[in-house]
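Here is a short tour for anyone meeting this fold for the first time. Take a look at the picture, then follow the notes topic by topic.

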Amino acid sequence: KASNPLSFFLQAKMSRPVQARRLEGIDKNIWVEFVKLAATYSKVNLGQGFPDFPAPDFLTEAFTRALGGGNHMLHQYTRAFGHPPLVKVLAQFFEKLLGRDLDPMTNVMVTVGAYQALFCCFQALVDEGDEVIIIEPFFDCYEPMVKMAGGTPVFVPLRPNPPKDGKLMSSADWQLDPAELVSKFSERTKAIVLNSPNNPLGKVFNRRELGLIAELCVKHDVLCISDEVYEWLVYDGKQHIRIATLQGMWDRTVIIGSAGKTFSATGWKVGWVVGPDRLLQHLRTVHQNSVYHCATIAQEAVAQGFQRELMLYGKPESYFVQLPKELQQKRDWLVQSLDGVGMKPIVPEGTYFLVADISQFKSDVPDVPNSDEPYDYRFAKWMVKNKGLAAIPLSAFYSEGHKNNYTNFIRFCFAKEEATLKAANDILQKWKQEKTS
């Protein structure tokens, strides 16, 4: 009996590689593993960077009005590069912050969160063989996004200089070595990624540090991708300085912002880029050939939120004034809790995050035979499984070549309800009692 001629084709499997080369080596993601661990074991999750308190009433009310207000066109596509009311108010707001006139149609682009803004930057501006300087520790997507664009990441670490007076370390004590930074710039350098305030460390770069970066960018004709999503979350009277305002920097800087961090609504995924049209025109090309469009109603609500904040700019009732005051109190509370149990917190100048030194806890965590996993990974996994408290290992925010130098730290998020932070404190206090009994 003749075999079915189709059977060969039905059973044949592809033998050629299906994965694009640009994905090689970047398939692992810390969040997949640690979010699953937190969901399975944690009683208190201080790992992921999102608030568990509500977004402000004025913002959710704006969303509700947009949803049911009778304007049926808000359920349809809006302008691809940003809903007109949103880009218009963002241009007005950033004119104040940057001290220059902005065209809402060419100097602002709305994205699906800051994450897509970063993706557009790397895809549009980085070519095969280009080098991109990344300051460590860094938000973990920078490295794979550079590699996907065909670029080569070049890493320069912030180096800790502990205070000698016995005080707690501050994120300001982690500094760039100027000579080391200078050595990373070459004719192959296309861009530097600046994240200030910095996730995970909470460092707010000062004017001297930014001045050195700006000077090197101008000297070597290098672009600056400035991730400023925590721009309003700065504490202790510190000032967030926008590098685009420094001499020679506007024309070479793309500023990235986030409504998720600005208005405590991370799930809305509304972000933006602000910069010169000569750069943004290329980001628009990537945007129109990837997501093309962002959710209209979310953009409408964020536009109304910014209109409110524009009227209240600098006034005590402004959300941008109130939120950092509330978060500074939460930060101080968590600093006290961690310090009280022997973890040495590094007091952050900004962001949602606080890094703590866990060197004194090595005897608590059993060794895993034949494991090459760093101590901070083992500690974070052990802590969530045995204590119910979730945090993220700091070495996840370092390159492969440097991560073994920073395995004695973990990152906590303090943008949480008072009850959440109290529950974390209860876990820590019980742990302390067990250690001393």
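Strand 3 (residues 131-136) and strand 4 run parallel and are joined by six bridges. Keep in mind as you read that this is a predicted model.

- Across from I134 you will find F155, which belongs to strand 4.
- Is strand 4 (residues 152-157) mostly covered or mostly open? Five of its six residues are buried, so it counts as mostly covered, where buried means under 20% relative accessible area.

**Helices 3 and 11**
- Two packed helices are described by the angle between their axes and the distance between the axes.
- For helix 3 (residues 57-68) and helix 11 (residues 296-311), the axes come within 8 Å and cross at roughly 135°.
- That angle makes helix 3 oblique to helix 11.
- The crossing of helix 3 past helix 11 is right-handed.
- On the helix 3 side, the contact is made by F58, L59, A62, F63, R65, A66 and L67.
- Helix 11 brings I297, A298, E300, A301, V302, Q304, G305, R308 and E309 to that contact.
- Sorted by class, the contact of helix 3 with helix 11 has 10 nonpolar, two polar and four charged residues.

**The open sheet and its helices**
- Four strands, in the order 11-12-15-14, form an open sheet with antiparallel pairing.
- Which strands stand at the edges? They are strand 11 (344-346) and strand 14 (392-393); each has a single partner strand, so one side of each is left without a neighbour in the sheet.
- Strand 11 runs antiparallel to strand 12 (residues 353-357), and three bridges join them.
- One of the paired residues is K344, whose bridge partner in strand 12 is D357.
- Helix 12 (residues 319-340) lies across strand 11, strand 12 and strand 15 (409-413), and runs at about 15° to strand 12.
- Helix 13 (residues 375-386) also packs on the sheet, where it touches strand 14 and strand 15. Its direction makes about 45° with that of strand 15.

**A closer look at A265**
- Where does A265 sit? It is in the loop between helix 9 (259-262) and strand 10 (270-274).
- With a relative accessible area of 8%, A265 is buried, because that value is under 20%.
- Leaving aside neighbours within four places in sequence, A265 is in contact with A55, L59, A259 and G260.
- A265 and A423 are 158 residues apart in sequence, and their C-alpha atoms are 23 Å apart in space.

Technical notes
Residues numbered from 1 in each chain as written. Predicted model: local features only at pLDDT ≥ 70, side-chain atom pairs only at ≥ 80, totals over all residues. Heavy atoms only, no water. Pairing = 2+ DSSP bridges. Helix = DSSP H or I, 4+ residues; strand = E, 2+ residues; numbered from the N terminus. Contact = heavy atoms within 4.5 Å. Axes fitted to C-alpha atoms, helices over the stretch in contact; angles between N-to-C directions. Parallel < 35°, antiparallel > 145°, perpendicular 65-115°, else oblique. Left-handed = near helix turned anticlockwise from the far one by under 90°. Nonpolar A, V, L, I, M, F, W, Y, C, P; charged D, E, K, R; others polar. Buried < 20%, exposed > 50% of the residue type's maximum accessible area, 1.4 Å probe, protein only.
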